[in-house]
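Below is a briefing on one protein chain and its ligand.

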Amino acid sequence: MLPPIFQKASKIISVLEENQYEAYFVGGCVRDYMTGRPIHDVDIASSALPSEVQKIFPKVIPVGLEHGTVIVRYEQESFEVTTYRTEGEYSDHRRPDDVRFVRDIKEDLKRRDFTMNAIAMDTNGKILDPFGGKQAIESGLIQTVGHAADRFEEDALRIIRALRFCSQLGFSIEEDTKKAMQRCGAQIDYLAVERLTAELEKMVAGPFFNQAVDYLFALELYHYLPIFKEEPLLLKELEPVSSLAPVFALVELKSAALTAAACIQAYKCSNQLKRQALNLVEGYHLYQKNGIDAWFVYQLPKQQWEDFIYLVRQIDQATIDRQALHRIRNKLPILSKKELCVNGYDIIEWFPERPKGKWIKDVLDKIEYHVVISKLANEKSKIKEWIQWNLPAQG
Ligand SMILES: Nc1ccn([C@@H]2O[C@H](COP(=O)(O)OP(=O)(O)OP(=O)(O)O)[C@@H](O)[C@H]2O)c(=O)n1
Ligand SMILES: [Mg+2]
(Lines give C-alpha, C1' and ligand atoms only; values in the text may rest on other atoms or scores of the structure.)
(Ligands and ions follow the chains in the order given, each with its own letter.)
Protein backbone atom coordinates (compact mmCIF):
# COMPACT_ATOMS: atom_id res chain seq x y z
CA MET A 1 0.00 0.00 0.00
CA LEU A 2 1.33 3.42 -0.94
CA PRO A 3 1.92 6.02 1.82
CA PRO A 4 -1.10 8.25 2.61
CA ILE A 5 0.27 11.25 0.71
CA PHE A 6 -0.18 9.28 -2.53
CA GLN A 7 -3.67 8.07 -1.69
CA LYS A 8 -5.51 11.37 -2.05
CA ALA A 9 -3.61 12.07 -5.25
CA SER A 10 -4.56 8.59 -6.47
CA LYS A 11 -8.15 9.82 -6.74
CA ILE A 12 -7.07 12.49 -9.26
CA ILE A 13 -5.34 9.82 -11.32
CA SER A 14 -8.42 7.55 -11.15
CA VAL A 15 -10.70 10.35 -12.34
CA LEU A 16 -8.35 11.07 -15.26
CA GLU A 17 -8.30 7.35 -16.11
CA GLU A 18 -12.09 7.14 -15.97
CA ASN A 19 -12.04 9.83 -18.63
CA GLN A 20 -9.78 7.70 -20.86
CA TYR A 21 -6.56 9.58 -20.10
CA GLU A 22 -3.36 8.22 -18.61
CA ALA A 23 -1.81 9.65 -15.47
CA TYR A 24 1.14 8.72 -13.24
CA PHE A 25 3.06 9.93 -10.24
CA VAL A 26 6.38 11.33 -11.45
CA GLY A 27 9.55 13.12 -10.42
CA GLY A 28 10.73 13.82 -6.89
CA CYS A 29 7.88 12.02 -5.09
CA VAL A 30 8.65 8.70 -6.80
CA ARG A 31 12.39 9.14 -6.19
CA ASP A 32 11.85 10.02 -2.53
CA TYR A 33 9.45 7.10 -2.08
CA MET A 34 11.97 4.68 -3.56
CA THR A 35 14.85 6.04 -1.51
CA GLY A 36 12.79 6.01 1.69
CA ARG A 37 12.91 9.77 2.19
CA PRO A 38 9.95 11.89 3.33
CA ILE A 39 7.72 12.93 0.44
CA HIS A 40 6.83 16.60 0.51
CA ASP A 41 4.66 16.97 -2.57
CA VAL A 42 3.18 14.75 -5.19
CA ASP A 43 3.39 15.59 -8.88
CA ILE A 44 1.19 13.99 -11.49
CA ALA A 45 1.93 13.73 -15.21
CA SER A 46 -0.96 13.05 -17.57
CA SER A 47 -1.70 12.54 -21.24
CA ALA A 48 -4.62 14.97 -20.84
CA LEU A 49 -4.02 18.48 -22.20
CA PRO A 50 -4.43 21.36 -19.73
CA SER A 51 -7.76 22.25 -21.37
CA GLU A 52 -8.91 18.65 -20.98
CA VAL A 53 -7.95 18.61 -17.30
CA GLN A 54 -9.91 21.84 -16.91
CA LYS A 55 -13.00 20.18 -18.40
CA ILE A 56 -12.83 17.23 -16.01
CA PHE A 57 -12.23 18.97 -12.68
CA PRO A 58 -14.45 21.81 -11.50
CA LYS A 59 -11.62 23.66 -9.72
CA VAL A 60 -8.43 24.10 -11.73
CA ILE A 61 -5.89 26.90 -11.35
CA PRO A 62 -3.80 27.48 -14.48
CA VAL A 63 -0.37 28.14 -12.94
CA GLY A 64 1.96 27.42 -15.84
CA LEU A 65 -0.14 26.80 -18.90
CA GLU A 66 2.80 27.35 -21.24
CA HIS A 67 4.53 24.39 -19.57
CA GLY A 68 1.31 22.41 -19.39
CA THR A 69 0.95 22.69 -15.61
CA VAL A 70 -2.32 23.24 -13.79
CA ILE A 71 -3.21 22.92 -10.13
CA VAL A 72 -6.23 20.74 -9.46
CA ARG A 73 -8.05 21.54 -6.22
CA TYR A 74 -9.58 18.36 -4.87
CA GLU A 75 -11.12 17.85 -1.43
CA GLN A 76 -9.37 20.94 0.00
CA GLU A 77 -5.98 19.96 -1.35
CA SER A 78 -3.91 21.03 -4.34
CA PHE A 79 -2.16 18.78 -6.83
CA GLU A 80 0.01 19.76 -9.76
CA VAL A 81 -0.94 18.02 -12.97
CA THR A 82 1.43 18.46 -15.90
CA THR A 83 0.71 17.30 -19.42
CA TYR A 84 3.27 14.90 -20.92
CA ARG A 85 5.65 17.04 -22.91
CA THR A 86 8.94 17.22 -24.68
CA GLU A 87 11.04 20.31 -24.66
CA GLY A 88 12.72 22.10 -27.53
CA GLU A 89 15.98 24.04 -27.49
CA TYR A 90 16.95 26.13 -24.47
CA SER A 91 18.77 28.83 -26.38
CA ASP A 92 18.87 31.17 -23.36
CA HIS A 93 19.91 28.35 -21.00
CA ARG A 94 16.89 29.16 -18.87
CA ARG A 95 13.65 28.16 -20.52
CA PRO A 96 12.82 25.87 -23.41
CA ASP A 97 11.98 27.84 -26.56
CA ASP A 98 8.98 25.66 -27.18
CA VAL A 99 7.11 22.95 -25.35
CA ARG A 100 5.37 20.21 -27.27
CA PHE A 101 2.64 18.20 -25.61
CA VAL A 102 2.79 14.47 -26.33
CA ARG A 103 0.56 11.51 -25.51
CA ASP A 104 3.33 9.05 -24.62
CA ILE A 105 4.72 8.98 -21.06
CA LYS A 106 8.06 7.64 -22.32
CA GLU A 107 8.58 10.79 -24.35
CA ASP A 108 7.95 12.82 -21.21
CA LEU A 109 10.33 10.77 -19.07
CA LYS A 110 13.02 11.07 -21.74
CA ARG A 111 13.30 14.86 -21.36
CA ARG A 112 13.93 14.66 -17.61
CA ASP A 113 17.28 15.25 -15.94
CA PHE A 114 18.36 12.10 -14.08
CA THR A 115 17.27 8.49 -14.37
CA MET A 116 16.14 8.45 -10.72
CA ASN A 117 13.84 11.38 -11.58
CA ALA A 118 12.52 9.72 -14.74
CA ILE A 119 10.43 6.98 -13.15
CA ALA A 120 6.64 6.97 -13.37
CA MET A 121 4.50 5.11 -10.82
CA ASP A 122 0.82 4.14 -11.01
CA THR A 123 -1.69 4.09 -8.18
CA ASN A 124 -0.81 0.48 -7.33
CA GLY A 125 2.86 1.32 -6.89
CA LYS A 126 3.78 -0.34 -10.19
CA ILE A 127 6.66 1.48 -11.85
CA LEU A 128 7.43 2.43 -15.42
CA ASP A 129 11.16 2.85 -15.63
CA PRO A 130 12.49 2.91 -19.19
CA PHE A 131 15.89 4.42 -18.28
CA GLY A 132 16.95 2.22 -15.37
CA GLY A 133 16.21 4.69 -12.58
CA LYS A 134 15.50 1.96 -10.04
CA GLN A 135 18.84 0.32 -10.73
CA ALA A 136 20.58 3.72 -10.39
CA ILE A 137 18.88 4.29 -7.03
CA GLU A 138 19.93 0.83 -5.85
CA SER A 139 23.53 1.52 -6.93
CA GLY A 140 23.44 5.02 -5.43
CA LEU A 141 24.17 6.67 -8.78
CA ILE A 142 23.22 10.02 -10.26
CA GLN A 143 23.09 9.53 -14.00
CA THR A 144 21.50 11.62 -16.73
CA VAL A 145 18.78 10.31 -18.98
CA GLY A 146 20.50 9.83 -22.35
CA HIS A 147 23.45 11.95 -23.44
CA ALA A 148 24.72 13.90 -20.44
CA ALA A 149 25.95 17.01 -22.26
CA ASP A 150 22.58 17.36 -24.03
CA ARG A 151 20.72 17.34 -20.69
CA PHE A 152 23.05 19.97 -19.20
CA GLU A 153 22.95 22.14 -22.30
CA GLU A 154 19.16 22.10 -22.11
CA ASP A 155 19.33 23.39 -18.56
CA ALA A 156 22.60 24.09 -16.75
CA LEU A 157 20.78 24.15 -13.42
CA ARG A 158 20.85 20.36 -13.64
CA ILE A 159 24.62 20.52 -12.96
CA ILE A 160 23.91 22.10 -9.59
CA ARG A 161 20.93 19.78 -9.08
CA ALA A 162 23.28 16.80 -9.43
CA LEU A 163 25.36 18.21 -6.56
CA ARG A 164 22.21 18.91 -4.54
CA PHE A 165 21.01 15.31 -4.95
CA CYS A 166 24.47 14.09 -4.02
CA SER A 167 24.24 16.13 -0.82
CA GLN A 168 20.71 14.92 -0.01
CA LEU A 169 21.14 11.25 -0.90
CA GLY A 170 24.88 10.58 -0.59
CA PHE A 171 24.88 9.18 -4.15
CA SER A 172 27.92 9.18 -6.44
CA ILE A 173 27.88 10.77 -9.85
CA GLU A 174 28.23 8.46 -12.82
CA GLU A 175 31.42 8.98 -14.93
CA ASP A 176 29.94 10.40 -18.17
CA THR A 177 27.57 12.58 -16.18
CA LYS A 178 30.51 13.88 -14.16
CA LYS A 179 32.61 14.69 -17.22
CA ALA A 180 29.73 16.54 -18.84
CA MET A 181 29.12 18.53 -15.65
CA GLN A 182 32.69 19.77 -15.79
CA ARG A 183 32.55 20.49 -19.50
CA CYS A 184 29.24 22.36 -19.34
CA GLY A 185 29.97 24.20 -16.06
CA ALA A 186 30.44 27.64 -17.63
CA GLN A 187 26.77 27.69 -18.63
CA ILE A 188 25.81 28.02 -14.97
CA ASP A 189 26.72 31.70 -15.33
CA TYR A 190 23.67 32.20 -17.57
CA LEU A 191 21.16 30.95 -15.04
CA ALA A 192 18.77 33.20 -13.17
CA VAL A 193 20.51 33.39 -9.81
CA GLU A 194 17.30 32.73 -7.84
CA ARG A 195 17.21 29.19 -9.26
CA LEU A 196 20.79 28.67 -8.12
CA THR A 197 19.94 29.99 -4.66
CA ALA A 198 17.07 27.52 -4.26
CA GLU A 199 19.37 24.61 -5.12
CA LEU A 200 22.20 25.90 -2.91
CA GLU A 201 19.80 26.12 0.02
CA LYS A 202 18.82 22.47 -0.45
CA MET A 203 22.46 21.53 -1.00
CA VAL A 204 23.79 22.99 2.26
CA ALA A 205 21.01 21.22 4.18
CA GLY A 206 21.84 17.76 2.84
CA PRO A 207 23.44 15.25 5.22
CA PHE A 208 26.13 14.48 2.61
CA PHE A 209 26.99 18.11 1.91
CA ASN A 210 30.73 17.47 2.24
CA GLN A 211 30.55 14.87 -0.48
CA ALA A 212 28.87 17.43 -2.77
CA VAL A 213 31.61 19.94 -1.93
CA ASP A 214 34.26 17.37 -2.88
CA TYR A 215 32.61 17.14 -6.32
CA LEU A 216 32.39 20.92 -6.48
CA PHE A 217 36.17 21.03 -6.11
CA ALA A 218 37.03 17.98 -8.20
CA LEU A 219 34.94 19.27 -11.12
CA GLU A 220 36.04 22.89 -10.54
CA LEU A 221 32.46 24.03 -10.42
CA TYR A 222 32.95 26.49 -7.55
CA HIS A 223 34.08 28.99 -10.23
CA TYR A 224 30.41 29.43 -11.07
CA LEU A 225 29.09 30.00 -7.58
CA PRO A 226 28.90 33.71 -6.75
CA ILE A 227 30.92 34.65 -3.63
CA PHE A 228 32.35 31.18 -3.12
CA LYS A 229 34.29 31.45 -6.35
CA GLU A 230 36.34 34.12 -4.56
CA GLU A 231 37.09 32.02 -1.49
CA PRO A 232 36.09 28.42 -2.22
CA LEU A 233 37.79 27.10 0.91
CA LEU A 234 34.95 28.62 2.92
CA LEU A 235 32.83 25.68 1.76
CA LYS A 236 35.25 23.04 3.01
CA GLU A 237 34.41 21.16 6.16
CA LEU A 238 31.16 23.00 6.59
CA GLU A 239 28.56 20.99 8.49
CA PRO A 240 25.10 20.78 6.92
CA VAL A 241 22.64 23.46 8.03
CA SER A 242 19.02 24.15 7.16
CA SER A 243 19.34 27.79 6.11
CA LEU A 244 21.69 30.02 4.15
CA ALA A 245 21.64 32.69 6.90
CA PRO A 246 24.34 31.05 9.08
CA VAL A 247 26.35 30.16 5.98
CA PHE A 248 26.43 33.78 4.88
CA ALA A 249 27.17 34.95 8.44
CA LEU A 250 30.07 32.52 8.47
CA VAL A 251 31.39 33.98 5.21
CA GLU A 252 31.56 37.43 6.79
CA LEU A 253 33.15 36.20 10.01
CA LYS A 254 35.73 34.00 8.34
CA SER A 255 36.68 36.17 5.38
CA ALA A 256 38.52 39.46 5.46
CA ALA A 257 37.06 40.64 2.18
CA LEU A 258 33.52 39.24 1.94
CA THR A 259 30.36 40.24 3.80
CA ALA A 260 27.00 38.64 4.52
CA ALA A 261 25.33 41.61 2.81
CA ALA A 262 27.33 40.89 -0.35
CA CYS A 263 26.18 37.24 -0.25
CA ILE A 264 22.55 38.28 0.15
CA GLN A 265 22.86 40.64 -2.80
CA ALA A 266 24.70 38.14 -4.99
CA TYR A 267 22.11 35.40 -4.34
CA LYS A 268 19.13 37.82 -4.34
CA CYS A 269 17.86 36.52 -1.02
CA SER A 270 14.85 37.84 0.86
CA ASN A 271 14.99 40.69 3.37
CA GLN A 272 14.10 38.16 6.04
CA LEU A 273 17.18 36.07 5.29
CA LYS A 274 19.25 39.26 5.24
CA ARG A 275 18.01 40.23 8.70
CA GLN A 276 18.74 36.75 10.02
CA ALA A 277 22.29 36.71 8.61
CA LEU A 278 23.08 40.18 9.96
CA ASN A 279 21.60 39.28 13.37
CA LEU A 280 23.93 36.30 13.54
CA VAL A 281 26.99 38.40 12.66
CA GLU A 282 26.05 41.01 15.24
CA GLY A 283 25.30 38.29 17.78
CA TYR A 284 28.69 36.73 17.20
CA HIS A 285 30.44 40.07 17.82
CA LEU A 286 28.52 40.54 21.07
CA TYR A 287 29.38 36.99 22.11
CA GLN A 288 33.06 37.58 21.37
CA LYS A 289 33.04 40.73 23.47
CA ASN A 290 31.10 39.61 26.55
CA GLY A 291 30.22 35.94 26.13
CA ILE A 292 26.70 34.73 26.75
CA ASP A 293 25.13 37.44 28.90
CA ALA A 294 21.69 38.95 29.30
CA TRP A 295 22.17 41.53 26.56
CA PHE A 296 23.32 38.89 24.09
CA VAL A 297 20.35 36.63 24.83
CA TYR A 298 17.98 39.59 24.56
CA GLN A 299 19.40 40.61 21.19
CA LEU A 300 19.40 37.25 19.45
CA PRO A 301 15.91 35.97 18.57
CA LYS A 302 15.21 32.54 20.03
CA GLN A 303 14.42 31.12 16.59
CA GLN A 304 18.05 31.80 15.67
CA TRP A 305 19.71 30.04 18.59
CA GLU A 306 20.31 26.83 16.68
CA ASP A 307 21.91 28.72 13.78
CA PHE A 308 24.06 30.62 16.27
CA ILE A 309 25.17 27.44 18.03
CA TYR A 310 26.08 26.08 14.59
CA LEU A 311 28.06 29.25 13.81
CA VAL A 312 30.12 29.06 16.99
CA ARG A 313 30.78 25.37 16.42
CA GLN A 314 32.03 26.11 12.90
CA ILE A 315 34.23 29.05 13.88
CA ASP A 316 35.54 28.19 17.34
CA GLN A 317 34.78 24.47 17.58
CA ALA A 318 33.03 25.47 20.81
CA THR A 319 29.72 24.30 22.25
CA ILE A 320 27.10 26.68 23.52
CA ASP A 321 25.04 25.45 26.44
CA ARG A 322 21.36 25.61 25.40
CA GLN A 323 20.28 25.34 29.04
CA ALA A 324 22.30 28.45 29.88
CA LEU A 325 20.54 30.33 27.09
CA HIS A 326 17.15 29.25 28.46
CA ARG A 327 18.10 30.14 32.04
CA ILE A 328 19.22 33.63 31.08
CA ARG A 329 16.19 34.19 28.88
CA ASN A 330 13.78 33.14 31.62
CA LYS A 331 15.31 35.75 33.90
CA LEU A 332 15.22 38.64 31.42
CA PRO A 333 13.19 41.57 32.84
CA ILE A 334 11.80 42.31 29.36
CA LEU A 335 11.79 40.46 26.06
CA SER A 336 11.31 43.46 23.79
CA LYS A 337 11.42 47.24 23.86
CA LYS A 338 7.63 47.31 23.85
CA GLU A 339 7.65 45.84 27.35
CA LEU A 340 9.45 48.88 28.79
CA CYS A 341 7.01 50.73 31.03
CA VAL A 342 7.95 54.06 29.47
CA ASN A 343 7.86 55.29 25.90
CA GLY A 344 8.76 58.44 23.95
CA TYR A 345 5.55 60.21 24.98
CA ASP A 346 6.37 59.82 28.68
CA ILE A 347 9.78 61.36 28.13
CA ILE A 348 8.37 64.31 26.17
CA GLU A 349 5.83 64.86 28.94
CA TRP A 350 8.49 64.73 31.67
CA PHE A 351 10.83 67.17 29.88
CA PRO A 352 8.50 69.63 28.11
CA GLU A 353 11.16 72.33 27.94
CA ARG A 354 13.44 70.14 25.78
CA PRO A 355 12.87 70.24 22.02
CA LYS A 356 11.92 66.85 20.57
CA GLY A 357 14.67 65.07 18.71
CA LYS A 358 16.95 62.09 18.43
CA TRP A 359 17.91 62.35 22.10
CA ILE A 360 14.61 60.69 23.02
CA LYS A 361 15.45 57.54 21.08
CA ASP A 362 19.00 57.57 22.47
CA VAL A 363 17.68 57.79 26.01
CA LEU A 364 15.19 54.99 25.39
CA ASP A 365 17.96 52.80 23.95
CA LYS A 366 20.04 53.34 27.08
CA ILE A 367 17.07 52.63 29.34
CA GLU A 368 16.40 49.43 27.41
CA TYR A 369 20.02 48.31 27.87
CA HIS A 370 20.10 49.10 31.59
CA VAL A 371 16.78 47.38 32.22
CA VAL A 372 17.87 44.26 30.31
CA ILE A 373 21.13 43.95 32.24
CA SER A 374 19.17 44.51 35.48
CA LYS A 375 20.92 47.76 36.34
CA LEU A 376 17.61 49.62 36.28
CA ALA A 377 14.17 48.45 37.38
CA ASN A 378 11.41 48.53 34.79
CA GLU A 379 9.33 50.96 36.86
CA LYS A 380 8.16 54.37 35.79
CA SER A 381 9.40 56.27 38.86
CA LYS A 382 12.82 54.59 38.82
CA ILE A 383 13.25 55.25 35.12
CA LYS A 384 12.24 58.90 35.51
CA GLU A 385 14.81 59.33 38.24
CA TRP A 386 17.45 57.58 36.14
CA ILE A 387 16.81 59.93 33.21
CA GLN A 388 17.17 62.97 35.45
CA TRP A 389 20.65 61.79 36.43
CA ASN A 390 21.62 60.68 32.95
CA LEU A 391 20.06 63.36 30.75
CA PRO A 392 22.30 64.06 27.77
CA ALA A 393 23.69 67.60 27.43
CA GLN A 394 21.42 69.86 25.39
CA GLY A 395 22.37 71.22 21.96
N1 LIG B 1 16.00 21.30 -14.30
C2 LIG B 1 15.11 20.32 -14.15
C3 LIG B 1 14.19 20.37 -13.10
C4 LIG B 1 13.27 19.34 -12.97
N5 LIG B 1 13.27 18.31 -13.86
C6 LIG B 1 12.27 17.22 -13.73
O7 LIG B 1 11.10 17.69 -13.04
C8 LIG B 1 10.91 16.96 -11.83
C9 LIG B 1 10.37 17.87 -10.73
O10 LIG B 1 11.25 18.95 -10.53
P11 LIG B 1 11.51 19.63 -9.11
O12 LIG B 1 10.26 19.64 -8.31
O13 LIG B 1 12.21 20.91 -9.38
O14 LIG B 1 12.60 18.68 -8.42
P15 LIG B 1 12.41 17.32 -7.71
O16 LIG B 1 13.26 16.32 -8.44
O17 LIG B 1 10.96 16.99 -7.56
O18 LIG B 1 13.07 17.57 -6.30
P19 LIG B 1 12.38 18.19 -4.96
O20 LIG B 1 12.09 17.02 -4.11
O21 LIG B 1 13.41 19.04 -4.36
O22 LIG B 1 11.16 18.94 -5.39
C23 LIG B 1 12.28 16.34 -11.53
O24 LIG B 1 12.18 15.18 -10.72
C25 LIG B 1 12.77 16.02 -12.94
O26 LIG B 1 12.14 14.87 -13.46
C27 LIG B 1 14.20 18.27 -14.88
O28 LIG B 1 14.19 17.32 -15.66
N29 LIG B 1 15.11 19.29 -15.03
MG1 LIG C 1 9.45 18.35 -6.72
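Is Ser 374 buried or exposed? Ser 374 is exposed, because 12 other C-beta atoms lie within 10 Å; a residue counts as exposed at 12 or fewer such atoms, as buried at 20 or more and as partly exposed in between, with C-beta atoms placed from the backbone. This is a predicted model, in which local features need pLDDT of at least 70, side-chain atom pairs count only at pLDDT 80 or more, and totals for chains, interfaces and linings use all residues. Residues are numbered from 1 along each chain as its sequence is written, while chains are lettered from A and ligands numbered from 1 in the order in which they are written.

**Positive phi angles**
- Most residues other than glycine have a negative phi.
- Ser 374 has a positive phi, near 65 degrees, and lies in the loop between helix H18 (358-372) and helix H19 (380-390).
- Helices here are DSSP runs of H or I with at least four residues, numbered from the N terminus.
- Ile 227 also has a positive phi, near 70 degrees, and sits in the loop between helix H10 (209-218) and helix H11 (244-254).
- Ile 227 is buried, because 23 other C-beta atoms lie within 10 Å.

**Helix H7**
- Helix H7 covers residues 157-169, 13 residues in total, and reaches 18 Å from its first C-alpha to its last.
- That span is close to the 18 Å expected, the expected value being 1.5 Å times one less than the number of residues.
- Of the 13 residues of H7, 13 are buried.

- The residues around ligand 1 (C-beta atom, placed from the backbone, within 6 Å) are Gly 27, Gly 28, Arg 112, Asp 113, Asn 117, Ala 118, Asp 155, Leu 157, Arg 158 and Arg 161.
- H7 gives the most to this shell, with three residues.
- The shell has two nonpolar, three polar and five charged residues; Ala, Val, Leu, Ile, Met, Phe, Trp, Tyr, Cys and Pro count as nonpolar, Asp, Glu, Lys and Arg as charged, and the others, Gly among them, as polar.
- Domain 1 (1-131) and domain 2 (140-230) each supply at least three residues to the shell.

**Domains**
- The chain is divided into domain 1 (1-131), domain 2 (140-230), domain 3 (241-332) and domain 4 (339-390), with bounds from an automatic or database domain assignment.
- The centres of domain 2 and domain 3, taken over C-alpha atoms, are 28 Å apart.
- Their contact takes 10 residues from domain 2 and 12 residues from domain 3, contact meaning C-beta atoms, placed from the backbone, within 7 Å.
- The side of domain 2 that touches domain 3 has six nonpolar, one polar and three charged residues.

Technical notes
Helix = DSSP H or I, 4+ residues; strand = E, 2+ residues; numbered from the N terminus. Contact = placed C-beta atoms within 7 Å.
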